[in-house]
Amino acid sequence: MSRLPAEIKTYIEAMLATGAQTLDEMIADLQERFPGEASAGQLPSRAALHRYGTKLDRRLAAIRASTEAAKIIQAHAGDDQDARSGALTALIQTELFEAILDVQEAVDDPENPIDPAERVGMLSAAAKNIATLTRSSINLKEFQAKVEDATRRKMLAEQQANLEKIAKSQGMSQEQLDFWIRDFLGVR
């Protein structure tokens, strides 16, 4: 599969991603669409299509899982202020998931085996990057919470000062002013 022209590989990936055809139907479709490569024996076998389809399914599943996790975390965290950073974090997580899958697939490839020590090094580097990414995400959330709290406090102080000014000019009693501060602004 890695030696295929980009056009054929992209076409195969699209067919596999849709899942609308069986492997035999895909082979027939490829032979019809790319007759030159078929006659030269350059199209992938049924087994190669199956292996590549399994690999692609794992990648798509990792991307879906990462995307869903990001959506759930964002929904529960109430993070509407910086959705771009959250989306960027999700993309980086997806790339790290894919890198880990690539390492696993490389270990499973009998033609190009990876030395176990090299594999441990790659996984260690990935773990370090994941930890950095997680710390960055936590720091971003903490910063956003602090900014939101400071903004809310400032806005309440401004509203309270405006309300006191208006109350004084309208001749409201302290009791009426306290009512509006307490019940309207929610300042206890």
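Reply: Helices here are DSSP runs of H or I with at least four residues, strands are runs of E with at least two, and both are numbered from the N terminus. By that count this predicted model has seven helices and zero strands. The order of elements from the N terminus is α-α-α-α-α-α-α.

Helix 1 covers residues 6-18.

Which residues of helix 1 are buried? They are I8, I12, M15 and L16. Buried means under 20% relative accessible area. Viewed down the axis of helix 1, these buried residues fall within an arc of 95°, so they line one face of the helix. Just after the helix comes G19, with a positive phi of about 65°.

Now the rest of the chain. Of its 188 residues, 22% count as buried. The accessible surface of the protein is about 13,400 Å², and carbon and sulfur atoms account for 56% of that area. Taking contacts between residues at least 6 apart in sequence, 52% join residues at least 24 apart.

The structure holds two salt bridges. In one of them D24 pairs with R46, with the closest N and O atoms 2.9 Å apart. This pair links distant parts of the chain, since D24 is in helix 2 (residues 23-33) and R46 is in helix 4 (residues 46-77), 22 residues apart. Both partners are partly exposed: D24 has a relative accessible area of 46%, and R46 has 44%.

The other salt bridge joins R153 to D149, and here the closest N and O atoms are 3.0 Å apart. Both residues belong to helix 6 (residues 116-170); because they are four residues apart there, about one helical turn separates them. R153 counts as exposed, at 55% relative accessibility, because the cut-off for that class is over 50%. D149, with a relative accessible area of 37%, is partly exposed.

Helix 5 (residues 83-108) contains A99, which counts as partly exposed at 35% relative accessibility. A99 lies 27 residues from A126 in sequence, while their C-alpha atoms are 8.0 Å apart in space.

Towards the end of the chain, F179, W180 and F184 form a nonpolar patch on the surface, with about 340 Å² of accessible area together. Of these residues, F179 lies in helix 7 (residues 174-184). F179 is partly exposed, its relative accessible area being 38%.

Note on methods
Residues are numbered from 1 along each chain as its sequence is written. This is a predicted model: local features need pLDDT of at least 70, side-chain atom pairs count only at pLDDT 80 or more; totals for chains, interfaces and linings use all residues. Side-chain values use heavy atoms; hydrogens and water are left out. The expected span of a helix is 1.5 Å times one less than its number of residues. Buried means under 20% relative accessible area, exposed over 50%, partly exposed in between (1.4 Å probe, protein chains only). The arc is that of the directions from the helix axis to the C-beta atoms. Patches are made of residues with over 30% relative accessible area and no salt bridge: like charges are joined within 9 Å, nonpolar side chains (Val, Leu, Ile, Met, Phe, Trp, Tyr) within 5 Å. Accessible areas come from the Shrake-Rupley method with a 1.4 Å probe; for residues, only the protein chains shown count as cover. A salt bridge is a side-chain nitrogen of Lys or Arg within 4 Å of a carboxyl oxygen of Asp or Glu. Contact means heavy atoms within 4.5 Å.
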